[in-house]
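Subject: Handover of a structure and summary of findings

Dear colleague,

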Amino acid sequence: MPRDADPTHAAVAQEAMWLAIRFRHAACLLLTVVHLLSGAADPGPGRAVTVLLAVWSASRLWGRRLGPWWTAADIAVVSIYLLGTVSVAASGVSTKDLIDVKVVAATVISVGIAERVRVSAAVTALVLGLLYYANRATPGLTPWGFLSDMAVAYLVVEWLLAVGVRRVVLRAATVHDATVSAAADSRVAGQVAAARRRYEHEQWAVMHDTAAATLLMVGQGAAADPERIARQAARDLTVLESGIPLPGDDSEVDLAELLRELSSEGATPVTMRAPGPLPIRRALAWTVTAAAREALTNIDRHAHASRVLIDAAPGRLVITDNGIGFDGDPGADRYGIRHSIVERLEGVGGSAEITSVRGSGTEIRLTWHVIETVAAEGDSLDESETSAGIARLGRSFGHGMVGIAVVDTLLQSTLTTAASTPPALVNALLVAINVGCALAALTPRRREPVTLALMGAAIAGSLVLTAWLPADAVLAGANWSIGASGWTVVALGFRLPPRLSLSALTAWWVLVCAVVLGRAPSAENLTALGYHTAAIFFLQVFTAWFAATLDRAARQAAALHRERLRHRTTDAVGRMHEQECLRRYRELLTEFTPLLRGLADGTLDPAAPGTQAAARTEYARLRRLFTQQDGVAHPLLADLRAGIDDAERRGVAVTVEAAPDHPDLPDAVRGHLVAATRIMLDASRSHARVVVTADAAGCTVSALGDCPVETLDRLSTLTDSAVHTEVVTAGELLWARLHHRFELEEAR
């Protein structure tokens, strides 16, 4: 799979491929060196192809060259080696002293780990055919006899085990990718929704701080100075038309300069103090200056102050006036203070404290983080998700190792002849010990001393078997512990630090070699141990090392996931900004900017009754929007927003109320409630009211409007057994009550 689609799968697959390549070439290099040093006679071109394989394997151990062409070259070199080798066994195919069997074993295991099943199956079939060709001189060897030989059958088993481990680990990696991607999708959706709410909140706050304040002054006839109203309206237009910064804008501006410009706009004299330039992100500067603008506007309108002091510093802004002050909680029932100052600062991780004493003025203290973590919210994966994925990979790998250890033990112990084995009871006991230790690796939360004790038991069983067997059978098929016990140690050690598992594995192999050579010291056995070291011990060492690299591979994949999520979030927020928020903001501006523009350029007289009436109308409309904004996060209201907007464009006065609690509703139920309410909104002529309530028993939507009688027919077309609908008419008014009971949904 492509790396950009499934990073963990790709990272683990590449790590497995590199493990397989290193194992294959390290094993082949050691096999050929041992064979050449043993002085064995090679008929025909045997020595030449052995040297070729040794040189090629040594060169491939340097660098990290991967790809299908390199794999094809590796298989070609092995094929040339097998074609140029002539092996002769006394009966069948021997695994004790024939290098070609070990080369084939390294090849089939490595391709089983590194390649897809179809590729590895084709390569396995090829090298087995070439192995038959290499052993063609063996007396009485037939194709069927070759395939039924224990050594050949075990080569197939080794390939199947390698394929099984690859599939188990990669499947776990795929599940990890799917889980993290699903979490990322959810987080992106949450970030987009949060950005949308922040942007809309800022829209309402900006309109409240600018247009609403100016329109209120004009509508109440408090605009005694037309020039001041013109300047204020012009300032409002500049702020509104400059646009709200896109979330995530990292460009820097000088906050001190922005505050100096702001301090010259109000009616109350302002003294500004700042230590110098105050660099700050543009998006954060917008929030701070907007909150400061609302504070100065409130001072002009309510404080009756003669002076204002603005004290700015990195991460802090204090605005103090000498006005009349006030008593009580300043933000409890004041939209401007609550939304335009307090919630603004809280939205960027800061705070706003307002202190006032009647007759002693007011102090507004704004604070924010000086060192900001840009895009820190939601653009990284939870550590728990990454750790869970890595743990899942480890468990899958450990289960694969347990399977190999158990299958290897049972298969090899049952294929030996009774004449060369210890008594059946002893052999069965040793098999049971090894299988039991391997299965114990499945136990979660195993303590390290317990694990080391189990490793010791498996190693002891292997040494007992090696010491019990006749001297001429210590390296024959009867010694099933060579290989099987090592896999048990690997299975037990995959949860341990690499140094411990590798130390235990090395200690087992050194002790086995010492016992073998102590009981049957010979050059032939030394050569056979060299072959076994390359074909068995090397594979187990590399497999144990691969277990340790799973953690690194998964964490690298998590880093890729974080990068993808960061870009996806940025793109999604950008699209949302362009397609929805910006469009809606511009639409809202067209409703009242003509009135502001007329006040700014002097074409409208703020003292004229018509201008004041228009200002009162637009202010009332904005106040209604501000009230509705408190419930904008309600899912039903979010779905009804387009219908409410359409009704208001037609001149319908819409009132919306919603309880703060909004339970999750089934999609079909929510769709029914929205569709019925839209019918009422679309049919209302001059006014409509929508009330959403919810409690432990259910959710109710109440819609009232001056709708024509035909609306009843449209409502009757909607049917849903989960929603109880009541419709009442009173003159020109139509009232619809839609109720959904939660216990009814549970019963369904």
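This is a predicted model, in which local features need pLDDT of at least 70, side-chain atom pairs count only at pLDDT 80 or more, and totals for chains, interfaces and linings use all residues. Residues are numbered from 1 along each chain as its sequence is written, and side-chain values use heavy atoms, with hydrogens and water left out.

I begin with the salt bridges. Side chains of opposite charge can pair when their charged atoms come close. The model holds 10 salt bridges, a salt bridge being a side-chain nitrogen of Lys or Arg within 4 Å of a carboxyl oxygen of Asp or Glu.

One of them joins Arg 235 to Asp 236, with 3.0 Å between the closest N and O atoms. Asp 236 is buried, at a relative accessible area of 0%, and Arg 235 is also buried, at 14%. Here buried means under 20% relative accessible area, exposed over 50%, and partly exposed in between, for a 1.4 Å probe and protein chains only.

Another salt bridge links the side chains of Asp 311 and Arg 316, at 3.7 Å from N to O. Both partners count as partly exposed: Arg 316 has 27% relative accessibility and Asp 311 has 21%.

Arg 365 pairs with Glu 363 in a further salt bridge, the closest N and O atoms lying 3.9 Å apart. Arg 365 is partly exposed at 29% relative accessibility, as is Glu 363 at 28%.

I turn next to a pair of helices. Helices (H or I, at least four residues) are DSSP runs, numbered from the N terminus. The axes of helix 2 (residues 46-60) and helix 3 (residues 68-83) come within 9 Å and cross at roughly 160°; axes are lines fitted to C-alpha atoms over the stretch in contact, with angles from 0 to 180 degrees between N-to-C directions. Helix 2 is therefore roughly antiparallel to helix 3, a term used for angles over 145 degrees.

In the contact (heavy atoms within 4.5 Å), residues of helix 2 including Trp 56 and Arg 60 meet residues of helix 3, among them Trp 70 and Asp 74. The contact residues divide into 10 nonpolar, 1 polar and 2 charged; Ala, Val, Leu, Ile, Met, Phe, Trp, Tyr, Cys and Pro count as nonpolar, Asp, Glu, Lys and Arg as charged, and the others, Gly among them, as polar.

Yours sincerely

Key. Helix = DSSP H or I, 4+ residues; strand = E, 2+ residues; numbered from the N terminus. Parallel < 35°, antiparallel > 145°, perpendicular 65-115°, else oblique.
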